[in-house]
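Visitor: Please show me the chain. I would like to ask what lies behind the labels.

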Amino acid sequence: MMDFTKRSPERLFEGILLLSDLDGTLLNRKKQIVERNLEAIRRFQEKGGLFSIATGRCSCSAQTIASVTGVNCPGVTLNGAVVYDFNQGRPARQSYLPEWYREIAWDVHEHFPSIGVQTYVGSDVQVVQSNDVMVRLHEIERTESCCEDVPFDRLPAQVNKVLFGGAHEELHKVRRFLEGRLEGMYGMFTEETYYELLPARANKGMGLKMVAEVCGIAPSCVAAVGDYYNDVDMLKAAAYPMAAGNAPEDVKILARFIAGDCEDGVVADAIEHLEQRLTERGRL
């Protein structure tokens with residue numbers, strides 16, 4: 001275990017990796033970065049820390065945020081299906097759904113024609129069936145430039161994830177419809193109007209472990225902060241899990257520190273807490 005009591009305050013975060021979720025954590029409800037978060041991230045990095053993001057978004061959407069925050073190590077995209085090196089502009093690690101995901105996507109479309117369907121391969125988004133939820137998603141994530149309309153019969157054999165978008169009640173019907181059929185993959189709500197299919201071992205927790213491995217960071221020196229159910233595996237995998245104050249109670253229970261609301265600077269709260277803890281205890 002790294003002894004931080006022997007470190008100068010100027011390099012307090014040397015050897016520490018911090019991963020943050022985006023929506024509802026680093027970003028406020030208007031999908032903006034609170035200035036207080038940016039100031040804290042800069043201080044964290046100046047004191048030797050490695051900071052990056054862990055998101056369900058594709059790299060095309062996350063790249064702008066990564067650039068603004070100045071991430072200094074790879075991050076997690078597509079909920080763990082891709083570990084992406086934002087500075088190199090390429091995946092460092094990635095996993096794919098089984099090729100027969102196309103049958104699943106088509107069956108969902110046939111039985112639930114109002115549900116939006118799109119697939120992701122790295123930075124590319126294939127829109128198979130659009131609806132109001134999908135249109136809003138593209139506006140929020142600013143992915144219009146990397147989207148392409150693709151019919152079912154032209155879907156690629158390998159994709160990193162599938163996203164179904166629609167009313168929460170309808171997506172619960174989709175979830176039940178797919179029960180017992182998802183060999184080699186699994187389904188997960190990432191927001192109330194999004195239900196995703198991901199490769200069997202892909203999640204933010206596995207992504208966090210891969211980022212730590214790529215960066216040469218000890219597991220005991222990894223912290224993470226998130227706010228929703230797709231962050232659960234990441235919080236369980238981190239040595240020091242933290243949650244936004246706006247997180248559901250059953251997500252907060254996994255955290256060792258509860259930050260304030262995302263409107264006020266969750267990541268800043270987390271970094272200030274880590275700073276105090278390392279100063280007082282010498283370890284996470």
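What follows is a short exchange on terms and values.

Guide: This is a predicted model, in which local features need pLDDT of at least 70, side-chain atom pairs count only at pLDDT 80 or more, and totals for chains, interfaces and linings use all residues. Residues are numbered from 1 along each chain as its sequence is written, and side-chain values use heavy atoms, with hydrogens and water left out.

Visitor: How many helices and strands are in the chain?

Guide: Nine helices and 14 strands. These are DSSP runs, numbered from the N terminus: helices are H or I with at least four residues, strands are E with at least two.

Visitor: What makes the radius of gyration agree with a compact globule?

Guide: The rule is 2.2 Å times the number of residues to the power 0.38, and the radius is taken over C-alpha atoms. For 284 residues that gives a value near 19 Å; the chain has 19 Å, so the two agree. Along the principal axes, the C-alpha trace spans about 60 × 35 × 30 Å.

Visitor: What share of the residues count as buried?

Guide: Of the 284 residues, 57% do. Buried means under 20% relative accessible area, exposed means over 50%, and partly exposed is in between (1.4 Å probe, protein chains only).

Visitor: What share of the contacts joins residues 24 or more positions apart?

Guide: It is 60% of the contacts with a separation of 6 or more. A contact means heavy atoms within 4.5 Å.

Visitor: Why is the pair of Phe112 and Phe177 called edge-to-face?

Guide: A search of the whole structure finds six aromatic pairs. Rings of Phe, Tyr and Trp (its six-membered ring) pair if their centres lie within 6.5 Å; planes under 30 degrees apart are stacked, over 60 edge-to-face, the rest tilted. One of the pairs is Phe13 and Phe44, with centres 4.6 Å apart and 40 degrees between the planes, and that is tilted. Phe13 is in the segment before β1 (17-20) and Phe44 in helix α1 (residues 35-46), 31 residues apart. Phe13 has 0% relative accessibility, so Phe13 counts as buried. Phe44 is buried too, at 0%. Now your pair: the ring centres of Phe112 and Phe177 are 5.5 Å apart and the planes are at 80 degrees, so the pair is edge-to-face.

Visitor: What does the pair of Phe112 and Phe177 tie together?

Guide: Phe112 lies in the loop between α3 (101-111) and β6 (116-121), and Phe177 in helix α5 (residues 168-178), so the pair ties together parts 65 residues apart in sequence.

Visitor: Phe112 and Phe177: buried, exposed or partly exposed?

Guide: Phe112 has a relative accessible area of 11%, so Phe112 is buried. Phe177 has 24%, so Phe177 is partly exposed.

Visitor: What covers the buried residues of α3?

Guide: Those buried residues are Tyr101, Ile104, Ala105, Asp107, Val108 and His109. Their cover includes β6, β7 (124-129), β9 (161-165), α5, β10 (185-191) and β11 (194-199).

Visitor: What is the phi of Leu78, and where is Leu78 placed?

Guide: Phi is positive, about 50 degrees, although Leu78 is not a glycine. Leu78 sits in the loop between β3 (75-77) and β4 (82-85). The relative accessibility of Leu78 is 0%, so Leu78 counts as buried.

Visitor: Why does Arg142 count as exposed?

Guide: Because the relative accessibility of Arg142 is 65%. Arg142 lies in the loop between α4 (132-141) and β8 (147-149). Phi of Arg142 is near 55 degrees, a positive value in a residue other than glycine.
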